[in-house]
Amino acid sequence: MGNTFHGGGRSLSMSNGSTDVFVDVLVLAVSDLAESVWEYRFATLLMLQDQSAVGRGVVGFDLEEIDWGSSAGEQAAAKDFVLRVIDLALRRHRWDELDYEPPFAEGFLRQYREMVEAFDPADAEPQNAISPFPGPEEAAMASCVRHRVLCAPAYWEACVFCNASESPC
């Protein structure tokens with residue numbers, strides 16, 4: 001069983017292992033870029049894709065289900081942030097800290113970037129989401145000192161890297 005991310009009229013399907021890698025490289029990037037409440041909410045959404053915490057083969061989300069903001073300016077800023085996260089990951093940001101080589105990550109990131117680029121946030125319908133976009137009170141704010149990444153949500157005791165290694169933060 002695999003996982004699927006949707007958006008912009010496209011889908012990105014990945015095996016469980018590929019999804020783990022995809023989430024890992026995005027978490028490294030988002031943890032270093034997030035500054036606003038919306039950005040921390042998006043970081044939380046990425047961390048909720050941690051299969052070590054929620055189960056294998058059950059993650060993925062639709063870009064249409066994200067609360068991109070109510071104004072065109074908020075939507076443009078949010079989309080720009082997601083693209084900056086993907087672009088930072090594509091530059092192999094902190095990949096040297098991974099304990100494995102992610103050979104297919106670039107291809108998945110490029111496909112996902114195309115999806116986000118083609119997506120119009122005005123089409124979002126967050127009220128219809130099966131897995132709702134994290135609210136401001138759920139935004140990831142704590143950080144794993146060991147791995148220097150955000151941890152989310154508050155009731156999880158570990159970051160995505162600690163969860164994968166079964167070592168608490």
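The model is predicted. The chain contains six helices and four strands, and its elements follow the order β-β-α-α-α-α-α-β-β-α from the N terminus.

**Overall fold and surface**
- Of the 169 residues in the chain, 50% count as buried.
- The accessible surface of the chain comes to about 8300 Å², and carbon and sulfur atoms contribute 50% of that area.
- Among contacts in the chain with a separation of 6 or more, 67% are accounted for by residues 24 or more positions apart.

**Aromatic pairs**
- The count of aromatic pairs comes to nine.
- One of these pairs joins phenylalanine 42 and phenylalanine 81 in an edge-to-face arrangement, with 6.4 Å from centre to centre and 90° between the planes.
- Because phenylalanine 42 lies in helix 2 (residues 37-47) and phenylalanine 81 in helix 4 (residues 72-90), the pair ties together parts that are 39 residues apart in sequence.
- Phenylalanine 42 counts as buried because its relative accessibility is 2%, under the 20% cut-off.
- Phenylalanine 81, at 0% relative accessibility, likewise counts as buried.
- Both phenylalanines belong to one aromatic cluster, formed by Trp38, Phe42, Trp68, Phe81 and Phe119.

**N-terminal hairpin**
- Strand 1 (residues 2-7) pairs with strand 2 (residues 10-15) in the antiparallel sense, over six bridges.
- Within this pairing, histidine 6 stands opposite serine 11 in strand 2.
- Two residues lie between strand 1 and strand 2 in the hairpin that they form. Glycine 8, in the turn, has a positive phi of about 60°.

Conventions: Residues are numbered from 1 along each chain as its sequence is written. This is a predicted model: local features need pLDDT of at least 70, side-chain atom pairs count only at pLDDT 80 or more; totals for chains, interfaces and linings use all residues. Side-chain values use heavy atoms; hydrogens and water are left out. Rings of Phe, Tyr and Trp (its six-membered ring) pair if their centres lie within 6.5 Å; planes under 30 degrees apart count as stacked, over 60 as edge-to-face and the rest as tilted. Buried means under 20% relative accessible area, exposed over 50%, partly exposed in between (1.4 Å probe, protein chains only). Two strands pair if DSSP finds at least two bridges between them. Contact means heavy atoms within 4.5 Å. Accessible areas come from the Shrake-Rupley method with a 1.4 Å probe; for residues, only the protein chains shown count as cover.
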